[in-house]
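Let's take a friendly walk through some surface patches, ring pairs and backbone angles. Have the sequence and the structure open as you read.

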Amino acid sequence: MIAVEQLTKSFNGQPVLRGIDLRVSPGECVAIMGPNGAGKTTTLRILSTLISADEGIAKVDGLDVASQSAEVRKRIGFLTSELKLEDFFTPNYLFDFFGKLYDVKPEVLTERKKALFEKFGVDKYAEVKVGELSTGMKQKVSLVMSVVHDPNIIIFDEPTNGLDLIAARDVTNFLLDQKVQGKTILLSTHIFELAEKLCDRVGIIMDGTMVACDKLSELTREKPLEEVFFGLYEQREQVSM
């Protein structure tokens with residue numbers, strides 16, 4: 001469902017991705033983990049058509065993200081805390097706006113809005129301007145907008161970043177529900193418990209290189225995921241010294 005081969009990307013001459021390989025099968029949930037600046041967000045942004053790679057292949061549902069970007073966007077739900085909704089508009093207006101962009105039928109849009117707004121508690125703030133919402137509620141509203149069209153492929157960049165425990169649990173439960181429905185999920189996270197709870201496989205990126213990518217059960221056969229991660233990190237640090 002998602003295929004990345006030898007993906008490279010540099011910014012101002014500084015390499016960010018150095019030949020990333022990654023595959024996500026239909027119905028699979030995969031987490032990408034790594035320190036800040038490792039290349040997680042860059043990888044997800046390329047897959048979501050927001051930026052282009054320098055070299056390599058990136059496909060979503062068999063579609064090339066560079067040459068078939070419009071079709072890719074129809075098939076994915078993308079969430080990142082760095083993409084901001086316009087403060088002036090209300091969740092109610094934005095949901096209808098995005099629904100029309102995705103050609104969601106009015107009756108379907110109404111039902112989906114009701115279900116998602118109730119699930120995340122957005123219904124109480126439906127007519128409150130985004131700029132007046134709390135950080136947690138803004139993140140929930142962004143999530144709701146990202147899946148207005150009920151996509152089969154979900155790409156979330158740090159979906160629980162900055163959320164309190166209750167809001168983070170709501171997001172985690174939503175992703176678990178999507179997994180049960182057979183959706184394909186690719187997410188980046190720095191929370192080991194989230195990856196262990198949700199994911200079938202975990203990829204670990206450091207300095208733009210995929211240093212490990214395997215089934216969670218294989219990675220954690222002898223050690224918890226946190227110990228595996230820091231073991232790889234320390235090895236990397238020693239090599240670079």
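With a relative accessible area of 47%, E227 is partly exposed; this class lies between buried, under 20% relative accessible area, and exposed, over 50%, using a 1.4 Å probe and protein chains only. Before we go further, please note that this is a predicted model, in which local features need pLDDT of at least 70, side-chain atom pairs count only at pLDDT 80 or more, and totals for chains, interfaces and linings use all residues. Residues are numbered from 1 along each chain as its sequence is written, and side-chain values use heavy atoms, with hydrogens and water left out.

E227 lies in helix α9; helices are DSSP runs of H or I with at least four residues, strands are runs of E with at least two, and both are numbered from the N terminus. Patch members have over 30% relative accessible area and no salt bridge, with like charges joined within 9 Å and nonpolar side chains (Val, Leu, Ile, Met, Phe, Trp, Tyr) within 5 Å. A salt bridge here means a side-chain nitrogen of Lys or Arg within 4 Å of a carboxyl oxygen of Asp or Glu.

The surface also carries a nonpolar patch, formed by Y93, F97 and L101, with about 310 Å² of accessible area together. Such areas come from the Shrake-Rupley method with a 1.4 Å probe, and for residues only the protein chains shown count as cover. Y93 is found in helix α3 (residues 91-101) and is partly exposed at 42% relative accessibility.

Now to the aromatic rings. Rings of Phe, Tyr and Trp (its six-membered ring) pair if their centres lie within 6.5 Å; planes under 30 degrees apart count as stacked, over 60 as edge-to-face and the rest as tilted. By this rule there are nine aromatic pairs. In one of them, F97 and F98, the ring centres are 5.7 Å apart and the planes stand at 80°, so the pair is edge-to-face. Another pair, F192 and F230, is tilted because its planes are at 55°, with the centres 6.0 Å apart. F192 lies in helix α7 and F230 in helix α9, so this pair ties together parts that are 38 residues apart in sequence. Ring pairs also link F88, F89, Y93, F97 and F98 into a cluster.

| Residue | Relative accessible area | Class |
|---|---|---|
| F97 | 38% | partly exposed |
| F98 | 22% | partly exposed |
| F192 | 12% | buried |
| F230 | 37% | partly exposed |

The backbone has something to show as well. Most residues other than glycine have a negative phi. Q6, however, has a positive phi near 50° without being a glycine. Q6 is found in strand β1 (residues 2-11), and its 47% relative accessibility counts as partly exposed. D103, also not a glycine, has a positive phi of about 60°. The loop between α3 and α4 (106-120) holds D103, which is exposed at 67% relative accessibility.

Finally, P106 lies in helix α4 and is exposed at 60% relative accessibility. How many Å separate the C-alpha atoms of P106 and E5? The separation is 39 Å, for residues 101 apart along the chain.
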